[in-house]
Amino acid sequence: MSGPARTGVLIYAKNLSSVSAFYEQVLSARVLHADDEHRVLQTPDVQLIIHAIPEQYSRSIVIQAPPVAREGQAIKPFFTVESLVAAERIAEQCGGRVWGPVWPGPGMQVRNVCDPEGNIVHLRERVA
């Protein structure tokens, strides 16, 4: 891809490195850019920007381990992975959590996971 991404997701993180590592591993994303405040990740389908929450705001945020899923979030991005089983295992190894059942869908099966800070994302695996 040349130039800025046309579509993507920006995720705010208290712990920039752990949240970035989660998405890098679960989505097999590569790092395009990294500095003290950002990690720009790229997959064949989407670009993610992991943005550090400024300390004046983040100091009051408590992140539990294992993470507590933010069920009240207003938006839930979805990502296609090669294997739900592998993505679930990686998500848990990277400090995330598998959330809820596997649901069948047309040409896919889906599962929710939450990242190390409780942000719920929807993972999809294509099935024949």
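The exercises below work through a predicted model, each with a stepwise solution.

Residues are numbered from 1 along each chain as its sequence is written, and side-chain values use heavy atoms, with hydrogens and water left out. Because the model is predicted, local features need pLDDT of at least 70 and side-chain atom pairs count only at pLDDT 80 or more, while totals for chains, interfaces and linings use all residues.

**Exercise 1. Determine the strand order of the four-stranded open sheet, and state which strands lie at its edges.**

Step 1. Helices (H or I, at least four residues) and strands (E, at least two) are taken as DSSP runs, numbered from the N terminus, and two strands pair if DSSP finds at least two bridges between them.
Step 2. On that basis the order is β5-β8-β7-β6, with mixed pairing.
Step 3. The edge strands are β5 (78–81) and β6 (97–105), each of which pairs on one side only.
Step 4. Between β5 and β8 (residues 120–126) the pairing is parallel and runs over four bridges; the residue bridged to Thr80 is Arg124 in β8.

**Exercise 2. Describe how helix α3 is placed on this sheet.**

Step 1. A contact is counted when heavy atoms come within 4.5 Å, and axes are lines fitted to C-alpha atoms, for helices over the stretch in contact, with angles from 0 to 180 degrees between N-to-C directions.
Step 2. Helix α3 (residues 84–93) lies across β5, β6, β7 (108–114) and β8, and runs at about 165 degrees to β6.

**Exercise 3. Identify which elements line the largest pocket, and which of them gives the most.**

Step 1. A pocket is here an open set of points on a 1 Å grid over the protein atoms alone, where a 1.4 Å probe fits and protein lies on both sides within 12 Å along at least five of seven lines; lining residues have an atom within 4 Å of a point.
Step 2. Of the 18 lining residues, the closest to the centre of the largest pocket are Leu27, Asp45, Thr80, Val81 and Glu82.
Step 3. Helix α1 (16–26), β5 and α3 each supply at least two lining residues, and β5 gives the most, with four.

**Exercise 4. Locate the backbone features at Pro66 and Ser28.**

Step 1. Most residues other than glycine have a negative phi, and most peptide bonds are trans.
Step 2. The bond from Ala65 to Pro66 is cis, with omega near 0 degrees, and Pro66 is placed in the loop between α2 (55–58) and β5.
Step 3. Ser28, although not a glycine, has a positive phi of about 50 degrees; this residue lies in the loop between α1 and β2 and is exposed, with a relative accessible area of 61%.

How values were computed: Buried means under 20% relative accessible area, exposed over 50%, partly exposed in between (1.4 Å probe, protein chains only).
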